[in-house]
Structure formats: C-alpha cells, structure tokens
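Work through the exercises below with the sequence and the 3D view side by side. Try each task before you read its solution.

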Amino acid sequence: MQILNRFLIIALSLTIVLGKKRTYNKYNPSDSEIEKDAQTAKTSHQTSNVSGKAFNRYVVIWLENTNFDKAAENSDMEWLSKEGITLDNYWGLTHPSEPNYLASVGGDYFGLDNDGFISLPSNVSTIVDLLESKNITWGEYQEDMPYTGYNGNEYKNHHLFSNDYVRKHNPLTLYESVNKNSNRIQNIKNFTTFKYDLENELLPQWNFITPNMTNDGHDSNINVASSWSRNFLEPLLKNDYFMKDTLILLTFDENENYFIKNRVFALLLGGSIPNDKKGTIDHTFYEHYSGLSTVEVNWDLPNLGRHDVDANVFDIVANKLGIQNKDVDTTYKANNKPYVGYFNDDSIDLPAPNVNAKGKNGLGVLDSISSVWAEEYSKQVSNSYFTSTTTTVSISLGDATTTSS
Ligand SMILES: *[C@@H]1O[C@H](CO)[C@@H](O)[C@H](O)[C@H]1NC(C)=O
Ligand SMILES: *[C@@H]1O[C@H](CO)[C@@H](O)[C@H](O)[C@H]1NC(C)=O
Ligand SMILES: *[C@@H]1O[C@H](CO)[C@@H](O)[C@H](O)[C@H]1NC(C)=O
Ligand SMILES: *[C@@H]1O[C@H](CO)[C@@H](O)[C@H](O)[C@H]1NC(C)=O
Ligand SMILES: *[C@@H]1O[C@H](CO)[C@@H](O)[C@H](O)[C@H]1NC(C)=O
C-alpha cells in the first residue's frame with residue numbers, strides 16, 4: 001500500500017507539473033449591451049404538475065460562506081428550524097463557492113478550484129436533462145440578474161456600485177447544455193419574475209433560488225442572510241399555493257473557515273414536511289449531491305452516472321420510499337480542498353459518467369447520456385493513467401485534511 005501510494009503521488013505530481021488551469025474568455029457586457037439584449041430576451045413561464053412520490057415541487061435556496069454553528073445559533077434560523085427539519089450532518093463539497101454550485105446540478109465539480117468564468121461543454125448533462133425527460137418544469141431565480149438568460153460574469157448595483165448578481169452563483173448557467181440552448185435560457189430568471197410566477201401560480205416544479213451578494217451573506221454576514229431568509233420565507237410558508245406538496249432546502253454553499261470540516265447548516269421546510277417532524281433534527285450524512293439523488297427518486301428519474309448515483313436521499317423521502325441510506329464515517333473527511341481534475345489541469349480529460357450506474361430507484365443513466373459517453377467510459381476505465389490520477393487524489397486528500405472542527 002505504501003509503495004502504491006508513493007507511486008500514485010508521483011503520478012499526481014507529474015500531472016500537476018504538466019497541466020495548467022483551463023481559461024475562458026470572460027463575458028462582461030457594457031450597460032448599453034445589456035440594455036439592448038434585455039429587449040429581446042424571452043422569459044418562459046411554464047408550469048407542470050407531474051406527481052412526485054414525496055413532493056410535487058422542489059425549491060433550493062443557497063446562502064453563502066457560513067460555519068454550521070454560526071448559522072445554527074442565529075435567532076432567525078432558530079425560528080425557521082421550528083418550521084422544518086434541521087440537517088446537522090450536511091456538507092459542502094470543497095472551496096471556494098463556484099465548484100459547489102456547479103456540482104449541485106451536475107453531480108461533479110470537475111476539479112474546479114476557483115470562482116472564474118468557466119463553461120462545461122454541451123455534452124455534459126445536468127438535472128435539467130433528467131427533469132425534461134419527464135416534462136417536469138424547472139427554473140432558476142437569480143436576484144438582480146438584469147434579464148432572463150443573461151450570461152455575463154456579473155451585474156453590479158448601479159446606485160451602490162457594489163456586487164449584486166454574480167454568475168458564479170448561478171449553477172445551470174455554468175453548463176453550455178443550458179447557456180447555449182435558446183429554450184433553456186428562458187428558465188434562468190430573476191426575482192422580478194419570481195414574484196410574477198408566484199402570483200400567477202406559474203412556478204416550475206424544480207427551482208433554484210440565489211439571493212444577491214448582500215442578501216445571501218457573501219458581502220454581509222449571517223444576520224443579514226438569516227433575516228433575509230426569514231423575511232422571504234415567512235409569507236411563503238403561509239401561502240397555500242406555494243406550500244402544497246413542496247420541499248424546500250435552505251442551505252449554504254460552503255463554510256467560512258477553510259481549515260475546518262466543511263459542514264454547513266441546512267433546513268428542510270415546506271408543505272411536504274409532516275407536522276410531527278417539524279422542529280426535529282436529522283443526523284444523516286448528506287452532501288450537495290443529495291439534492292440530486294432526492295429529486296431523482298422522487299420523480300423516478302434516471303441518473304447522471306456521477307456522484308448523484310450513491311448520494312444519500314433526504315431521510316424524510318428515503319423513509320417513505322423504503323430506501324436505505326449509507327452510514328458515512330466522517331472522521332477523516334474534510335471536503336475542504338478540491339481534487340485535481342478537468343478544470344485545474346488541462347491535461348486531464350472530462351471524466352466520463354459511469355454509464356452502467358444504477359440509482360437508488362434501480363434506474364440507470366439517462367439514455368441520451370449513455371449514448372454519448374459509453375465509448376469514452378470504456379476507454380477511461382481501461383486507461384490506467386486516468387484511473388491512477390483519480391485514485392491518488394482521494395488518497396492524498398484524505399491524508400491531508402484531518403483538521404476537525
Ligand atoms: C398537482 O396535483 C395534485 C394531485 O396529484 C394536486 O393535489 C395539487 O393541488 C396539484 N398542484 C398544482 C399546483 O396544480
Ligand atoms: C413530454 O411532452 C412531449 C410534448 O408535449 C410529449 O410528446 C411527450 O410524450 C411527453 N413526455 C412524457 C414523458 O410525458
Ligand atoms: C428581470 O428580468 C426581466 C426579464 O428579462 C427584466 O425585464 C427585468 O428588468 C429584470 N429585473 C431586474 C431587477 O433586473
Ligand atoms: C439586494 O437586494 C435588496 C432587496 O432584496 C436590495 O435592496 C439591494 O439593493 C440589492 N443589492 C445590494 C447590493 O444590496
Ligand atoms: C465532449 O465535448 C468536448 C468538447 O467539445 C470534447 O472534447 C469531448 O471529446 C466530448 N466527449 C464526448 C464523449 O463526446
């Protein structure tokens with residue numbers, strides 16, 4: 001084992017020396033370009049009602065950069081936690097922000113170790129491909145994004161000149177399978193549209209909500225983020241249309257301290273939570289991939305063949321469906337450093353999804369994914385260079401990150 005480790009670490013060092021970060025041209029349009037493009041941007045307001053096994057609507061809200069304890073002791077979070085289930089063993093995947101957002105919809109962060117302007121090629125699938133296979137509507141609501149489908153790097157507040165909307169917190173826009181698809185970009189909307197869709201009962205069934213850089217705590221603090229969350233959610237928790245059969249996940253992208261375990265505060269809320277579960281704590285191990293596996297089993301969807309496949313399903317859903325979650329020993333787990341992969345080493349190929357994977361519902365990978373990737377998957381499995389690279393990373397990370405909180 002020792003000798004093997006040494007060999008693998010040498011292999012890894014070699015790839016670090018050979019590879020460099022992938023770079024992209026940052027799209028940063030001027031105000032007049034934005035104004036012009038906003039005129040022709042189309043916005044979709046489609047809804048659907050495909051029955052799920054445990055919920056009919058899923059709403060994710062992400063806040064920023066807060067250690068578990070700091071969020072848990074905040075009075076607005078305490079108030080919200082009485083309305084739902086606290087997940088006290090829920091983890092961010094790495095640092096900084098962007099790889100976490102990226103992974104939450106695609107099942108991997110592909111070695112991304114920065115917040116830069118990046119794009120995954122169109123042959124990499126996301127939750128969108130799975131949802132659309134059953135005509136389940138989906139959408140994002142990004143606060144202060146200047147127009148629907150905007151692919152610019154950011155949009156600053158024009159009175160305060162402060163950060164406002166940022167692309168790095170917009171998970172689906174990081175994938176060309178979304179940002180280059182003229183139909184799909186119509187679902188990448190802002191909060192003006194959220195208000196409209198709510199009032200007109202046109203919300204999609206899968207939703208990702210990102211408050212602006214002040215409201216999410218990034219440029220402020222946990223008190224601002226928590227008070228924003230309570231103010232946003234309190235009326236919604238009384239709204240029959242919004243609440244009916246809804247599961248809400250309120251969580252954080254990552255913790256604040258890069259030297260401790262990357263555990264974050266998370267709450268499940270909404271009309272699909274039975275009264276006798278409100279105010280309880282669930283100690284099951286989850287990561288951001290659990291949002292994918294939970295949605296997949298709820299709507300009996302195929303999977304992406306990535307980390308969605310074996311991610312624990314939120315207990316409230318797993319229990320109902322008779323799904324067994326795995327126990328995860330977190331003694332040596334830290335999730336505080338990215339692995340070396342596609343984005344931070346351009347000598348590494350895109351990892352193929354495991355086209356033979358079976359999800360927790362017994363279903364396989366989405367057909368369109370296996371038809372694109374089957375050949376590349378067999379190639380990578382039989383290619384020792386590729387497998388040794390990935391193995392090394394998990395070993396050296398495990399050894400290097402045993403700081404505890
Ligand atoms: C969706 O259908 C369910 C019954 O399957 C119904 O109870 C619910 O009110 C419907 N929701 C919407 C938003 O139409
Ligand atoms: C989705 O909608 C399309 C177009 O209306 C229809 O042809 C298809 O059968 C639907 N698929 C499912 C799984 O309902
Ligand atoms: C939100 O997007 C809509 C549709 O593109 C646009 O008309 C509106 O001005 C945007 N709202 C804000 C606050 O930027
Ligand atoms: C963020 O959103 C709030 C409203 O929710 C708004 O008052 C504020 O100007 C926005 N931008 C910044 C940078 O705070
Ligand atoms: C996916 O797309 C990238 C970029 O176009 C390409 O280099 C790669 O070969 C493609 N992989 C497969 C399996 O299609």
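This is a predicted model: local features need pLDDT of at least 70, side-chain atom pairs count only at pLDDT 80 or more; totals for chains, interfaces and linings use all residues.

Residues are numbered from 1 along each chain as its sequence is written, chains are lettered from A and ligands numbered from 1 in the order in which they are written, and side-chain values use heavy atoms, with hydrogens and water left out.

**Exercise 1. Find the residues that surround ligand 4, and sort them by class.**

Step 1. Pick residues with a heavy atom within 4 Å of the ligand. They are Glu143, Asp144, Asn157, Ser162, Asn163, Asp164, Asn212, Thr214 and Asn215.

Step 2. Sort them. Asp, Glu, Lys and Arg count as charged; Ala, Val, Leu, Ile, Met, Phe, Trp, Tyr, Cys and Pro count as nonpolar; the others, Gly among them, count as polar. The shell has no nonpolar, six polar and three charged residues.

Step 3. Look for polar contacts (N or O atoms within 3.5 Å). The side chain of Glu143 comes to 2.9 Å from a ligand 4 oxygen. For Asn215 the distance is 2.9 Å, and for Thr214 it is 3.0 Å.

Step 4. Check the cover. On its own, ligand 4 has 360 Å² of accessible area (Shrake-Rupley method, 1.4 Å probe). The protein covers 63% of that.

**Exercise 2. Is helix α5 enclosed or open, and why?**

Step 1. Locate the helix, a DSSP run of H or I with at least four residues. Helix α5 spans residues 97-106.

Step 2. Count its buried residues (under 20% relative accessible area, 1.4 Å probe, protein chains only). Ten of the ten are buried, so α5 is largely enclosed by the rest of the structure.

Step 3. Find the cover. It includes β1 (57-63), α6 (127-132), β7 (206-210) and α11 (290-298).

Step 4. Gly107 has a positive phi of about 85 degrees.

**Exercise 3. Which residues have the most contacts inside the largest nonpolar core?**

Step 1. A nonpolar core joins buried Ala, Val, Leu, Ile, Met, Phe, Trp, Tyr and Cys residues through side-chain atoms within 4.5 Å. The largest has 100 residues.

Step 2. Tyr58, Leu102, Trp206 and Phe314 have the most contacts inside it.

Key
A polar contact is a pair of N or O atoms within 3.5 Å; within protein, one must be able to donate a hydrogen and the other to accept it, and residues adjacent in sequence count only if both atoms are side-chain atoms. Buried means under 20% relative accessible area, exposed over 50%, partly exposed in between (1.4 Å probe, protein chains only). Helices (H or I, at least four residues) and strands (E, at least two) are DSSP runs, numbered from the N terminus. Contact means heavy atoms within 4.5 Å.
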